Amino acid sequence: MLDLVLVLRLNLKIGIPDYFFMVMDASVTQLVGRLKWMPLLVLSSKLCPPGIEGTFFALLMSIDNTGLLTSTWFGGLLLHVFKITRTKFHNLWLAILIRNILRITPLFILFLIPRSDPNSSILPDEMSDSKETTGASATQNENIELVALVHNMDTR
């Protein structure tokens, strides 16, 4: 709600100059942005089968980028609906209020996250037990003969 405080100029009423308020707002936004990823990364590390961690992280990043792109489009649509332009800001406070309310809506679906011990594995034993599946391939890899690709480095 810090953007709403800035738009309504409440920061000046309590004696905080705009420059200092914006620096603090940017700092808090960065901190919260980093902290909101931590539970998602912990949950994804428990859901990710062994061996595809990079692919799973790339999937998370693509979902995040799609969300950012979608939010930009809907933000532009919201500005168009409220007729907010470069010179008309009379409904800007309402658009910021709607944005802030939409930011907290994921809190209402937190009940969908399963309640379990944070240290327990979420994956079934067949998927998380990589020792049995890699044991056969490890013995096959021991029998592979490695061949040098370069025979002689000296061309004298």
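So, Asn100: it is buried, with a relative accessible area of 7%. Buried here means under 20% relative accessible area, exposed is over 50%, and partly exposed is in between, using a 1.4 Å probe and protein chains only. Asn100 sits in helix α5. Helices are DSSP runs of H or I with at least four residues, strands are E runs of at least two, and both are numbered from the N terminus. Leaving aside neighbours within four places in sequence, Asn100 is in contact with Met1 and Leu4, where contact means heavy atoms within 4.5 Å.

Quick word on what we're looking at. This is a predicted model, and local features need pLDDT of at least 70, side-chain atom pairs count only at pLDDT 80 or more, while totals for chains, interfaces and linings use all residues. Residues are numbered from 1 along each chain as its sequence is written, and side-chain values use heavy atoms, with hydrogens and water left out.

Okay, the overall picture. Buried residues make up 10% of the 156 residues in the chain. As for contacts between residues at least 6 apart in sequence, 48% of them join residues at least 24 apart.

Now α3. How does its span compare with what you'd expect at 1.5 Å a residue? With 30 residues, α3 should span 44 Å, and its end C-alpha atoms are 44 Å apart, which agrees. The expected span, by the way, is 1.5 Å times one less than the number of residues in the helix. Which residues of α3 are buried? Those are Phe21, Asp25, Trp37 and Ser44. The buried residues of α3 pack against α1, α2 (10–13) and α4.

Let me pick out one of them, Ser44. Its relative accessible area is 8%, so Ser44 is buried. Not counting residues up to four places away in sequence, Ser44 touches Phe56 and Leu60.

On to α4. This helix has 29 residues and reaches 42 Å from first C-alpha to last, close to the 42 Å expected at 1.5 Å a residue. After α4 comes Lys83, with a positive phi near 55 degrees, although Lys83 is not a glycine. Lys83 lies in the loop between α4 and α5, and at 59% relative accessibility it counts as exposed.

In that loop you'll also find Phe82. Buried or exposed? Phe82 counts as buried, at 17% relative accessibility. Once you leave aside neighbours within four places in sequence, Phe82 is in contact with Asn91, Leu94, Ala95 and Ile98. Take Leu94: it is 12 residues from Phe82 in sequence, and the two are 8.4 Å apart in space, C-alpha to C-alpha.

Another backbone angle to look at is Arg9. Phi of Arg9 is near 65 degrees, a positive value in a residue other than glycine. Arg9 is in the loop between α1 and α2, and it is partly exposed, with a relative accessible area of 37%.

The largest pocket has a volume of about 2000 Å³. Of the 38 residues lining it, the closest to its centre are Lys36, Leu102, Arg103, Ile104 and Pro106. The elements that give two or more residues to that lining are α1 (2–7), α3 (18–47), α4 (53–81) and α5 (92–103).

You'll want the set-up. On a 1 Å grid over the protein atoms alone, a pocket is an open set of points with protein on both sides within 12 Å along at least five of seven lines, for a 1.4 Å probe, and lining residues have an atom within 4 Å of a point. Grid points are joined across faces, edges and corners, and the volume is the space filled by probe spheres set on the points.

Which helix gives the most to the lining? That's α4, with 11 residues. By class, the lining has 25 nonpolar, 7 polar and 6 charged residues; Ala, Val, Leu, Ile, Met, Phe, Trp, Tyr, Cys and Pro count as nonpolar, Asp, Glu, Lys and Arg as charged, and the others, Gly among them, as polar. The lining also draws at least three residues from each of domain 1 (1–47) and domain 2 (53–112), with bounds from an automatic or database domain assignment.
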